[in-house]
Amino acid sequence: MKTFYLLPCTCGKIHEVMRVQAGNVITCECGKTLEVPPLRALAELETVQRHDAETPGQPASEKNQLGKEGGTRQQRAGSLMMAGILTVVFAASGMYFYVTRSKPYDFSTYSAFDLWREWQRLSPGVEIPMTRNEYLMASAMDVEWRWIMIMIFLTVVCVIWMLAVLLAPAAKKNP
């Protein structure tokens, strides 16, 4: 047995709403937008008990849905959750790429002779062509930094998305 709350419209039509619709917005046949009151205020409305599983006034295909205009809070919460999950995924991916990136040679581990020999090789300037290994390492570092920048960009986009959802104005009420 389901409990429905009777929500009147100024046009005279009475809408039967359920507890799950509390705080949502519904549209009357007259075109007026009605806000379903929160749970505390919903308890003050007149109620009706029904045995059927289908919501009155709704076809069976729309059963268990909040309606086309309803579910604003749920839509915002879902969007916020999706943006939060993507933010965490992109930030974690970026951190992984940053931590596992290729690093240039660590000269602190070289012996004095190896360091002198490397200095002799590099001292003439940049006219010396890179070896195959140096070229592959430079290419890998370039690709890794591009992925790190992409992950930073996507993380920032998701944070902006979350802020937009949080700061978006609530649905306007029609008088």
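Q: Before anything else, what counts as a helix or a strand here?
A: Helices are DSSP runs of H or I with at least four residues, strands are runs of E with at least two, and both are numbered from the N terminus. Please keep in mind throughout that this is a predicted model.

Q: How do the strands S1 and S2 run, parallel or antiparallel?
A: Strand S1, residues 2-8, and strand S2, residues 14-17, run antiparallel and are joined by four bridges. As one example of the pairing, tyrosine 5 has valine 17 in S2 as its bridge partner.

Q: And what sits between those two strands in the hairpin?
A: Five residues lie between the strands in the hairpin of S1 and S2, where glycine 12 takes a positive phi near 105°.

Q: Which residues make up the largest nonpolar core?
A: That core has 10 residues, namely Tyr5, Leu7, Cys9, Val17, Ala22, Ile26, Cys28, Leu34, Val36 and Leu42. As a general background point, nonpolar side chains in soluble globular proteins tend to be buried together.

Q: What is leucine 7 in contact with?
A: Once its neighbours within four places in sequence are left aside, leucine 7 is in contact with Lys13, Ile14, His15, Val17, Ile26, Leu34, Glu35, Val36, Pro37 and Leu45. Among these, Val17, Ile26, Leu34 and Val36 are also listed in the largest nonpolar core.

Q: Is cysteine 9 buried or exposed?
A: Cysteine 9 is buried, since its relative accessible area is 7% and buried means under 20%. Cysteine 28 is buried too, with a relative accessible area of 4%.

Q: Switching to the helices, why does the length of H2 make sense?
A: Helix H2 covers residues 72-99, and because its 28 residues should span 40 Å at 1.5 Å a residue, the 40 Å between its end C-alpha atoms agrees with that expectation.

Q: What about H4, how many residues does it have?
A: H4 has 36 residues, and its first and last C-alpha atoms are 53 Å apart, close to the 52 Å expected at 1.5 Å a residue.

Q: Which helix do the buried residues of H2 pack against?
A: The buried residues of H2, which are Ala83, Gly84, Thr87, Phe90 and Gly94, pack against helix H4, residues 132-167.

Q: And what covers the buried residues of H4?
A: The buried residues there are Glu134, Ile148, Met151, Thr155, Cys158 and Val165, and their cover includes H2 and helix H3, residues 112-122.

Q: Where is isoleucine 150 found?
A: Isoleucine 150 is found in helix H4, and at 38% relative accessibility it counts as partly exposed.

Q: Last one: how much of the whole chain counts as buried?
A: Of the 175 residues of the protein chain, 21% count as buried, while the chain exposes about 12,600 Å², with carbon and sulfur atoms supplying 64% of that area.

Definitions and conventions
Residues numbered from 1 in each chain as written. Predicted model: local features only at pLDDT ≥ 70, side-chain atom pairs only at ≥ 80, totals over all residues. Heavy atoms only, no water. Expected span 1.5 Å × (residues − 1). Buried < 20%, exposed > 50% of the residue type's maximum accessible area, 1.4 Å probe, protein only. Contact = heavy atoms within 4.5 Å. Core = buried A, V, L, I, M, F, W, Y, C linked by side-chain atoms within 4.5 Å. Areas by Shrake-Rupley, 256 points an atom, 1.4 Å probe, with all protein chains shown as cover. Pairing = 2+ DSSP bridges.
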